[in-house]
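Thank you all for coming; I would like to walk you through one structure this morning, taking it piece by piece.

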Amino acid sequence: MIAMSNAGASRLVLRNDVAELERLAGWIEGFTGQGTSPDVSFAVQLCLEEAVANIIMYGGAKDDAIVIAVELERNCGALVARIEDNGQQFDPTRAPPPAPAVSLEQAKVGDVGIHLMRSFANGMDYERRDGRNRLTLRFVEPAAPSSE
Amino acid sequence: MDISADDLAGGITKVVLRGRFDTTGAVVVELPFNKVATEKQKIVVDLSAVNFLASYGIRVLLVGAKVVKSKGGSLVIVCPDNNVAKVLKTAGMDSLIPIYQTEAAATAALAS
């Protein structure tokens, strides 16, 4: 389901099913296709994949019907992504950074998704409102090299 | 996403991954990748045709590297594209799995 909510914004509604991630990727590609640098497109793809995969896998019990709404919008030169879901309360901005692994044998598997989001997005804000998680991510194009 | 494996000289196996190494792609290659990691001792993972990497893909690489290491073997990565290399570095994988820019350097490291 894709609907244009206002000029320059686009909205996609997903179910908590891993198969939905493919639809998310195609939809992001359609939005970022023109006027977005390859690096920012990559960052948006990465952060939204991580955020939505987290909700699908950990947002509720297997049979809970969780609805995930994703919005992308260009705003003052930045690309803004909003992810809203009715799953259990989870604030990724408060998740502690993963501890650096001392060796391959002792390295913990997992726990890098939120760290990747923090590193690839230029800003990440969370609020819990009306029983829903609302995560806002900002992506800024790197400044063009000065012509002077 | 797809995966292929070929035996090189010196008991080295080259695994080529292609496509989008996200959750969807990782689910597809996870089993065949684990099979190679279980059966082989020296593995070069060619990421030059991987244009996207997310945390589930990192998980598959890390689990494979751990399996090979536990048998006394070694798994290395070769030729990740810029953004894929940045994901590996951000996730701290560059200190756990050696990353090389050429296949020659990777196979030389495995042969030694």
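This is a predicted model: local features need pLDDT of at least 70, side-chain atom pairs count only at pLDDT 80 or more; totals for chains, interfaces and linings use all residues.

**The sheet of chain B**

Strand β3(B) and strand β4 (residues 74–78) of chain B pair in the parallel sense over five bridges, where pairing requires that DSSP finds at least two bridges between two strands, and where strands (E, at least two residues) and helices (H or I, at least four residues) are DSSP runs numbered from the N terminus. Within that pair, B:Val44 stands opposite B:Val76 in β4(B).

Residues are numbered from 1 along each chain as its sequence is written, and chains are lettered from A and ligands numbered from 1 in the order in which they are written.

Strand β3 (residues 42–53) of chain B also pairs with β2 (residues 12–21) of chain B, again in the parallel sense, over nine bridges. Here B:Arg20 stands opposite B:Phe52, and B:Arg18 stands opposite B:Ala49. Together with helix α1 (residues 23–39) of chain B, β2(B) and β3(B) make a right-handed β-α-β unit. The open sheet as a whole has five strands in the order β1-β2-β3-β4-β5 (chain B), with mixed pairing, and its edge strands, each pairing on one side only, are β1 (2–7) and β5 (99–100) of chain B.

**Where the chains meet**

Turning to the contact between the chains, 23 residues of chain A are in contact with 19 residues of chain B, contact being C-beta atoms, placed from the backbone, within 7 Å. Which helix gives the largest share of chain A's side? That is α2(A), with seven residues.

**Helix α2 of chain A**

This helix, α2(A), has 21 residues and reaches 30 Å from its first C-alpha to its last, close to the 30 Å expected, which is 1.5 Å times one less than its number of residues. Because 15 of the 21 residues of α2(A) are buried, the helix is largely enclosed by the rest of the structure; a residue is buried if 20 or more other C-beta atoms lie within 10 Å of its own.

Technical notes
Two residues are in contact if their C-beta atoms, placed from the backbone, lie within 7 Å. A crossover is right-handed if, with the strands pointing away from the viewer, the path from the first strand over the helix to the second runs clockwise. A residue is buried if 20 or more other C-beta atoms lie within 10 Å of its own, exposed if 12 or fewer, and partly exposed in between; C-beta atoms are placed from the backbone.
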